[in-house]
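Thanks for coming. I will go through one model today, beginning with a pocket and ending with the helix pairing beside it. Here it is on the screen.

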Amino acid sequence: MSEPHDKPPRVELADEAVHWDLGSSLSYGEYLQLEKLLAAQRPASSQHNEMVFILVHQVSELWMRLMLHELTAALECVRRDDLDPALKMLARISRTQTQLLTVWDVLSTLTPFEYSAFRNELGRSSGFQSVQYRLLEFLFGNKNAAMIEVHKRDARAYELLSRALAEPSLYDEVLRLLSRRGYGIPESYLSRDFSEPYQANKQVAGAWLGVYHNADQAWDLYELAERLVDLDYNFQLWRYHHLKTVERIIGYKPGTGGTAGVSYLAKALELKFFPELWQIRTSM
């Protein structure tokens, strides 16, 4: 005589007050505008693997959208010396950066053969032209006026980037905050041409050393410094993963945007947004 089979587990809904009839309320899909979002994947070829390429880049742009949302708000908080919410926002950006890192793991599943099957369909389009990425770099402090020229065909993007190029970055505003708190920041750094690349300064490094040596009295500035290091560190990891993924998929071919590809990406590996915060580590 055979033993009765156990019934498979099932989630019972009888005691749940599920809203089966939404009435006039927004649905999940309507609230998130999923119809538009999920219709935005339009491969230019018939190649199965192109969907991976499109989705990885779209997801990256969505995460960058969140980073910009948090960064612009954090910048305003720093301007008015309201660091508690700024620290939370910067921490969220750091968590978001870890999500951006993981997308390279997905993209790296593309083999050179699979990518080459649809690469020509990209034409000259390239991540080099990402408005959001360039805006993030400008807001963090990596200013380069030449970078906005590729956006001239898009008047709105060009104006947005031109404004960000000329305005103080997050780091510029942090240095102004240090000055207001009594730390010795050169006047030339407080009212400089903010469209020019930032140059590390010994006096600024000394100010940061003062913050670290007096962390008990300036704990919020100490925490701010470490959050900035987190952001810089994660950006460096992102650049490295980007380089290795490109190397894995296309080797040393030029990029679709016209750069030299891997050798161009390698130039950015030593870039630091907040150089003095790295320099002083040797002095502590």
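The lining of the second largest pocket splits into six nonpolar residues, one polar and four charged. In that count, Ala, Val, Leu, Ile, Met, Phe, Trp, Tyr, Cys and Pro are nonpolar, Asp, Glu, Lys and Arg are charged, and the others, Gly among them, are polar.

Before going on: this is a predicted model, where local features need pLDDT of at least 70, side-chain atom pairs count only at pLDDT 80 or more, and totals for chains, interfaces and linings use all residues. Residues are numbered from 1 along each chain as its sequence is written, and side-chain values use heavy atoms, with hydrogens and water left out.

The second largest pocket holds about 220 Å³ of space. On a 1 Å grid over the protein atoms alone, a pocket is an open set of points where a 1.4 Å probe fits, with protein on both sides within 12 Å along at least five of seven lines; lining residues have an atom within 4 Å of a point. Volume is the space filled by probe spheres set on the points, which are joined across faces, edges and corners. Among the lining residues are Thr 72, Glu 76, Arg 79, Leu 135, Leu 139, Leu 160 and Arg 163. Helix 3 gives the most, with four residues. Helices here are DSSP runs (H or I, at least four residues), numbered from the N terminus.

The largest pocket has about 1,300 Å³. Of its 47 lining residues, the closest to the centre are His 57, Ser 126, Gly 127, Phe 128 and His 242. Helix 3 again gives the most, eight residues, and the lining divides into 21 nonpolar, 16 polar and ten charged.

Now helix 6, residues 131-140. How many of its ten residues are buried? Nine are, where buried means under 20% relative accessible area with a 1.4 Å probe, protein chains only. Their cover includes helix 3, helix 4, helix 7, helix 8 and helix 11.

The axes of helix 6 and helix 7 (155-166) come within 9 Å and cross at roughly 10°. Axes are lines fitted to C-alpha atoms over the stretch in contact, with angles from 0 to 180 degrees between N-to-C directions. The two helices are therefore roughly parallel, the word for angles under 35 degrees. In helix 6, Val 131, Arg 134, Leu 135 and Phe 138 meet Ala 157, Leu 160, Leu 161, Ala 164 and Leu 165 in helix 7, contact being heavy atoms within 4.5 Å. Eight of these residues are nonpolar, none polar and one charged.

Definitions and conventions
Parallel < 35°, antiparallel > 145°, perpendicular 65-115°, else oblique. Buried < 20%, exposed > 50% of the residue type's maximum accessible area, 1.4 Å probe, protein only.
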